[in-house]
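Biologist: Please take a close look at a single part of this model and describe how it packs, then place it in its surroundings. State the cut-offs as you go.

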There are 2 protein chains.
Amino acid sequence: MGRRSTHTPDQLRQLILDAAQSIIETNGLAGLSAREIARRISYSPGTIYNMFQNLDDVVLHIEARVLDALDERLTAALDGGPPEETVMRLAEAYLAFTNERPKLWNLLFEHYMPADAQSPAWYQQKLELLMSRVETAMAPLFPPGADLERQRSARVLWAGVHGITSLATANKLSNVTSEAASLLVRDLIHNYLAGIAVNARK
Amino acid sequence: MGRRSTHTPDQLRQLILDAAQSIIETNGLAGLSAREIARRISYSPGTIYNMFQNLDDVVLHIEARVLDALDERLTAALDGGPPEETVMRLAEAYLAFTNERPKLWNLLFEHYMPADAQSPAWYQQKLELLMSRVETAMAPLFPPGADLERQRSARVLWAGVHGITSLATANKLSNVTSEAASLLVRDLIHNYLAGIAVNARK
DNA sequence: ACGTAATCTGGACGCCGATCAACAAATTGT
DNA sequence: ACAATTTGTTGATCGGCGTCCAGATTACGT
């Protein structure tokens, strides 16, 4: 078969990404294969390699989508209220996302680039954007100029929430289901922020 | 070729596990294959399936080894000193382990059982044993009878330390290298415990 | 010595990622 | 209108994988 031109290159790219995302959402990264994508979009496997470097490249673009979706959720949870409440809302938003699309969220952590290829700069930027959401939520808790402390605390909380979510969804936090994870997350935030406050006072 | 009996079944099992572990330590889970194990121990791939159900089963046994090794490290860091210091030592021990054998540690989280097979009871028990190390270290911080709070706090800290380590080694915590991870972990523990103390006083 | 049980292999099946020559359709030039 | 050229698509192919199992071979009990 020769050229079809039923889809523009851009449409075809989106078609591939949509199919890949759907596969991952239902069967996880392990279920993804170039051949399966090809079956779903009624093209041959080779076509995928015309549009993307390789499967990792496809996955990377899906990751970009996930990071963007996550950021949408977080920004929607940002406005208003005292800092502790805002951070709580951020965390709840994160938890909600991982509960709604666990396989998709998990993709961010079970997939990594081959050792010879670093993740691109825009990927790191998207990560930093997410981090910055937490930082701005926490800003009122720090005196002006304490940028380092604010940055550090944001990272600690972000990673902490991630750790709880991660272990809970992987069923590796003895008997902590994903509902109970919310309790742990709230406990973490509440006590960590209290610690910050009391230690700053000294 | 027929029966060799140059190795007892038990020796052969250890041979397979040793080879598998060595592959994972150098090339990660992605580098593991039944055929590669077979090559290294000079048996055929089929032999592996005489000793183990499948590759997942092999990996599960490696995970058991890792959990045991981790527990050894943690117990060695347990004795003496005020609670906060003990928890710090536990966390440092965890961090040290992940830095020494990152691929092996990572195995615990990048591998999961197929959906139709839960992880066995002994696996969950090993996880709980690790958790209990943190619990005992924190015991002096809680009044007698506050078992629930102690359990919850131990899980929060455990998951928090894990989250920091996890994101740092995956290079997903904007510019936080594994050395800096230690700083974040100490910050987490220090402030969370301070928060616990001040909130309990009320 | 002989039969039985244990063990090991090699090949087979159906997957996979990735590549690329060959071909067909669309586009462009005349 | 037709030829030349560019572009898009395929299908075959390579080497790899997990898993299974009939058949061959060896060890062991008697």
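Modeller: Two residues are in contact if their C-beta atoms, placed from the backbone, lie within 7 Å. The model is predicted, so local features need pLDDT of at least 70 and side-chain atom pairs count only at pLDDT 80 or more, while totals for chains, interfaces and linings use all residues. Residues are numbered from 1 along each chain as its sequence is written, and chains are lettered from A and ligands numbered from 1 in the order in which they are written.

Helices (H or I, at least four residues) and strands (E, at least two) are DSSP runs, numbered from the N terminus. Chain A has nine helices and zero strands, and its C-alpha atoms fill a box of roughly 75 × 40 × 35 Å along the principal axes.

Within the chain, A:Arg150, A:Gln151, A:Ser153, A:Ala154, A:Arg155, A:Leu157 and A:Trp158 of H8(A) meet A:Met131, A:Val134, A:Glu135 and A:Met138 of H7(A). These contact residues comprise six nonpolar, two polar and three charged; Ala, Val, Leu, Ile, Met, Phe, Trp, Tyr, Cys and Pro count as nonpolar, Asp, Glu, Lys and Arg as charged, and the others, Gly among them, as polar. Axes are lines fitted to C-alpha atoms, for helices over the stretch in contact, and angles run from 0 to 180 degrees between N-to-C directions. Angles under 35 degrees count as roughly parallel, over 145 as roughly antiparallel, 65 to 115 as roughly perpendicular and the rest as oblique.

H7(A) also packs against H5(A), residues 83–100, at an angle of about 160 degrees with the axes 8 Å apart. H5(A) and H7(A) are therefore roughly antiparallel. Here A:Pro83, A:Thr86, A:Val87 and A:Leu90 of H5(A) meet A:Arg133, A:Val134, A:Ala137 and A:Met138 of H7(A). That contact has six nonpolar residues, one polar and one charged.

Across to the other chain, H8(A) packs against H8(B), residues 147–169, at about 105 degrees, with 7 Å between the axes. H8(A) is thus roughly perpendicular to H8(B). H8(A) contributes A:Val156, A:Ala159, A:Gly160, A:His162, A:Gly163, A:Ile164, A:Ser166 and A:Leu167, and H8(B) contributes B:Val156, B:Ala159, B:Gly160, B:His162, B:Gly163, B:Ile164, B:Ser166 and B:Leu167. This contact has eight nonpolar, eight polar and no charged residues.

The whole contact between the chains takes 33 residues from chain A and 34 from chain B. On chain A, helices H6 (102–110), H7, H8 and H9 (178–200) each supply at least two residues of the side that touches chain B. H9(A) gives the most, with 11 residues. By class, that side of chain A has 18 nonpolar, nine polar and six charged residues. Of the interface residues of chain A, 100% are also interface residues in chain B, so the copies meet through the same surface.

A rotation of 180 degrees with 0.0 Å of shift along its axis superposes chain A on chain B, with an RMSD of 0.1 Å. The two copies are thus related as by a two-fold rotation axis; they are superposed by least squares on the C-alpha atoms of residues with pLDDT of at least 70 in both.
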